Amino acid sequence: MAQLRLLGSVELSTATHAVDLGPRKQQAVLAALLVDAGRPVPIEKIIDRVWGDAAPTTARGAVHSYITRLRRALAEANAADGDDLSVEHQSAGYVLHAPQDQVDLHRFRRLLDEARATRGDDPGRAELLWEALGLWRGQPLTGLTGAWAEAVRREASRRRLGAVLDLAPIQLAAGGGTAMIEQLRELLDEYPMVEPLAAALVQALVAAGRGAEALELYAETRRRLAEELGTDPSPELRQAYHAALHADAPPVERPPAPRSPNGPALLPADVPGFTGRADALARLDDMVTASGREPTAVAVAVVSGVPGVGKSALAVHWAHRVRDRFPDGQLFADLRGFDATRSAVTSAQVVRGFLAALKVPPQDVPASLDAQVDLYRSLMAGRRMLVVLDNARSAEQVRPLLPGSPGCFVLVTSRNHLSGLIAGHGARPLTLDVFTATESADLLARRIGRRRVTEDPGAVERIIDSCARLPLALAITAARAVTHPTFPLRALADELQRTGTSLDAFHSDDPATDVRTVFACSYQALSPDAAGLFRWLGAHPRPDVGLSAAASVAALPPDRARRLLAELTGVRLLTESSPDRYAFHDLLHAYAVELNRQAETGERRHEVLGRILDHYLHTAYRAALLIHPARDPIMIPDARPGVTPQVLADHDEAFAWFIAERTVLLACVELAATSGFDAHTWQFAWSMSTFLDRTGAWHDMISVHERALDAARRGPDHRALAFGRLMLALAHTRLGDGEAAATEYRHALEHYARVGDLTGQAHVHSNLARVLEQQGGHAEALSSAEHALRLYREAGQKNWVARAISAVGWYNIAVGNHREALVHCREALEELRETGDRDGESATWDSLGHAHHHLREYREAASCYRRALEMHRQDGDRNNEALVLTHLGDNHQAAGDVPSARAEWHRALSILTALGHPTADDIRARLEATNR
C-alpha cells in the first residue's frame, strides 16, 4: 500500500521505491490537495496555497501542468502497489482520492483524536500516542515555503507538542521515562519557553539516573526565562527541580552485560547525535537476522560509498545498537585503507591486536601470519562476536580477518566495492548514498539546534544544496555554525554560495574531517592514467558522461577508457549510474575541477575541452540527420584526434541519444559560447533544433539559438545568423508569439538575401505562412506558401518542393478550397514517399485528413489522421502528435461521436500540458463545452 507523507518532506512511496514528485512547486500542489484529501479544492485555493500573494499570471496553467504530472506519479504508485490513488476534476475543484490512513497527516490526527477520547486506559492511550509520534519524520512540508505551508507546520507541531506532553506522565508512571528523553529534548529545542516540556524532561532525566543533567537543564531554563521573559519558573518546573535535588536516582539504564565478562569490547564511542540512515540500519538488522538462518556460513556485510558519506559513523552506531546480540564481545579495527596521515594497517597487525584482545599471552602468539590466523579462527569458533573492519582498501586486506566458522558477524566499510568478498565469501553489499534532504536538515538541527534551523528554512535549504547532502560537508558546516552562534544561518549560506565550486568552505584543521584531504586519499591511490582521466573529467559539463564521451576526454579507445572508469568507480570517485554512464558527486566534481586547474596547462585544458565539444557535436550532427534526413546538411570540421563519436544506427537510437544527453548538450552550448568555440556554438544549435522542436522544448530552443546568434555575430557568418534567426522565429511561432516570430523572419530573410541563398529564403516564406495563419491571414498565408514553392523550384530543391506543395494544399484548406487541397496533398505525398521524408509525409496525411473532414468525409478523415498519428508517435514528435489528436477529436465531434472526441482531446491535453503549450487552454475549453 502506497504511503503519502507530509510530516517531513513531501513523499509518495510504494513497497519498492519512492516515486519522483518533481520540483518544489509540484510537491506543494500535491500537499495542497492532500491536506484536504477526499474533498474538492478550488484551483484558486491551490494557487493561494502554493504561491500566496506572489502568484504569477501563469499560475493556473502551471497547476494544470503539475496535476497532469502528479497523475502520472499516482499511476506509477498504483501500478506498484495495486492502489487506486487519483486526482479528479470536479466543478468545485480538484479532488485527490486517497484513503485517510495512507496520508500520514490524517492518520496522525486520527490517532491523536482517538488517544484523547481514551479514558482510564493509559497503556492503550500510550500506544496510540507512540504510533502517532512515530509518523513524525521532521519538519512538516520540508522545503515548502509560504504562509499556508507555515500554518500547516504550526498546527501539526502544536498537536505533536500536546501528544508528547500527554505521553510523558504515562511513561514516567510506568517506569519508561528514558524513552521520552529524546522526544522531549528535541521539542524543548523548538519550544524553549514551554515550561511543562522542561519539567517533563527534568523528571525523565531524574528517572534515568541523570540527575546532574536534570539540574543543569533547570538552571539553563531558569536563566532563559529570566533573560527573555523576565519571569521565574512555574510551580510545576520548580517542583520537578526539587524532586531532582532530593530524589534517590535509580540506576542508569544500560544494555545487557555481555555473557562473558572477559569478552573484548573494542568498539569506539558511539557517534553523538547520529542522524538518519533508517533504511541502512534496517538492512543491517535484516542481515544479522538472516545470518541466524544460515548456520554453516560466516555472515559478512560490506558498506561502501563515496568519501565522506558516513560509512564509519553508520558502522559504529549500528554496532552499538546491536552489541547485546553478540554476547561474546566486539572486535574493531581501523584498517586505514584511505588515511590522510598514516599508512594502511596490515592484516598481521590487526590479527595480533585481536589475539591480544582475546587474552592470548604474547609468548603464545605464533611467529608466522598463517599460524596467527589459524589461532584467531580457532578462538572465534563457537563464539557469537561482532567484528567491525573499518576503512578497508582491498579484499586481500580483509580476508585473513574473517572468522572461519559461523556465529560471528563481520561488518566491513570501504570506498571500494570489495567485489572479491562478495563473489568469494558471499558478502552482502550495502551502498550508502548521500543524505536525503530531510536527513540533512535533521543533522543540522541536532548539531546547531532545532530553533535556529527552523527560524530560517530557506537558508537551511541553501546550505544543504551547497553541501550536496554529503554528511561530512554538512558536519563541517554545522561545526562552523556552532562555533559562531551569533552568525545568522543565511550569512553562512551566502558564504557557501560565494565559494561556488571551491572546497575552501569545507576546510578543517583535522585531516580526517577535511573534505579536500579525504578526497585526496582516494585520488592518490589511483594509477597515473586513472588520475589523469579524473582530472580531465573536471572539464566535462555534466551531469553524467557516457563511455564514448569519457574515451574522447582522454583520447583513448573505449575499452581502455572503460578500465580506467572501473578504477574510478572502484574507489567511489565516480558512480556508474547506469551501464556505461558515469556521474560525479557534486563536491567530488568540484575537487576534479580544482585538480584540472592546478595540474594542467591552459593549452592542455583547451585541448581536452575541444575533444569534449567535438564528441558531442559530431554525435549530435549525425543524430540530427538520422531523425530528420530531409534537412539541408551543414559543413562541420573533422573531429580532433582521439575523439570517439557515439555510433548511432537509426532514428530510434538517435532520438534516444538526444533524450539521454539533452542536459549535457544544453550545457555544451553554454560551455562553447563562454570558451571561445563560436563555430561549435551555432553548429550545436543547428544539430539540436529538430529534437528541441519535436519535444516541445521551445524555451530551450530560444536560449540555444540566442547563444548561437551571439557567437555568429562575432564572425559574422550570415548563413549561421540566418539559421539562428529562422529557428528563433520558429520557436516564437510555436509559443504563439506571432509578432516576435515575424520580426525574426524578416531578419532571417535579410541574411539569406545577402548571401543569395534561395533555399533559405524559401524556408523563411514557408515558415512565415504559419505566423500569418495564426494571425488569421489565411489568404496571405497561402500566398507566402506559394512564393516559397516558386523559390524551392528555382533553387532545384526537389525534396523541399514536395513539402511546399503539401503546404500549399494545407493553406488551400484554410481558404476553403478543399478539393484543390486534396489534389495538392496527393501529389506531394507521392514525392515525399519517394524521397523518404517522413516529416513531410506525416504532415501531409494530417492535411488530407483536414480536407476530408471539411468535405464531411469523416471516415476517410479519421483514416488519414491515424496514419499521421502513427508516424508522429514513431518519430517522438510530441507536439505534432497532440495537434493530430486534436484534429481527430474535432473530426469525431463533427461526426456526432462526442465520447470519442473527448477521449482524443484528453490525450492531446495531457501532452500539451506536459509541454507547457499555449494551446492547452483551447483543449480545456473544448472539454468543458462538451461536458455541459
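**Close-up views of a predicted model**

**View A. Three-stranded sheet of E10, E12 and E11.** In this predicted model, 3 strands make up an open sheet with the order E10-E12-E11, and their pairing is antiparallel. Strand E10 (544-546) and strand E11 (575-578) are the edge strands; each has a single partner strand, so one side of each lacks a neighbour in the sheet. From one strand to the next, the twist averages 40 degrees. E10 and strand E12 (residues 581-583) run antiparallel and are joined by 3 bridges. Within this pair, Asp544 lies opposite Ala583 of E12.

**View B. Crossing of helices H23 and H25.** Helix H23 (residues 528-537) and helix H25 (residues 558-570) have axes that come within 9 Å and cross at roughly 85 degrees. H23 is therefore roughly perpendicular to H25, as angles of 65 to 115 degrees are counted in this way. On the H23 side, the residues that meet H25 are Asp529, Ala530, Leu533, Phe534 and Leu537. Their counterparts in H25 are Arg560, Ala561, Leu564, Leu565, Glu567 and Leu568. Sorted by class, the contact of H23 with H25 comprises 8 nonpolar and 3 charged residues, with no polar ones.

**View C. Helix pair H38 and H39.** The axes of helix H38 (residues 858-875) and helix H39 (residues 878-894) cross at roughly 165 degrees and come within 9 Å. The two helices H38 and H39 are therefore roughly antiparallel to each other, the cut-off for this being over 145 degrees. The crossing in which H38 passes H39 is left-handed. H38 contributes Tyr858, Ala861, Ala862, Tyr865, Arg866, Ala868, Leu869, His872 and Arg873 to the contact. From H39 come Asn880, Glu881, Val884, Leu885, His887, Leu888, Asn891, His892 and Ala894. By class, there are 10 nonpolar, 5 polar and 3 charged residues in the contact of H38 with H39.

View D. Ser689 belongs to helix H29 (residues 678-694). With a relative accessible area of 2%, Ser689 is buried, since the cut-off for that class is under 20%. When neighbours within four places in sequence are set aside, the residues in contact with Ser689 are Arg631, Met701, His705, Phe723 and Met727.

Terms used: Residues numbered from 1 in each chain as written. Predicted model: local features only at pLDDT ≥ 70, side-chain atom pairs only at ≥ 80, totals over all residues. Heavy atoms only, no water. Axes fitted to C-alpha atoms, helices over the stretch in contact; angles between N-to-C directions. Helix = DSSP H or I, 4+ residues; strand = E, 2+ residues; numbered from the N terminus. Parallel < 35°, antiparallel > 145°, perpendicular 65-115°, else oblique. Left-handed = near helix turned anticlockwise from the far one by under 90°. Contact = heavy atoms within 4.5 Å. Nonpolar A, V, L, I, M, F, W, Y, C, P; charged D, E, K, R; others polar. Pairing = 2+ DSSP bridges. Buried < 20%, exposed > 50% of the residue type's maximum accessible area, 1.4 Å probe, protein only.
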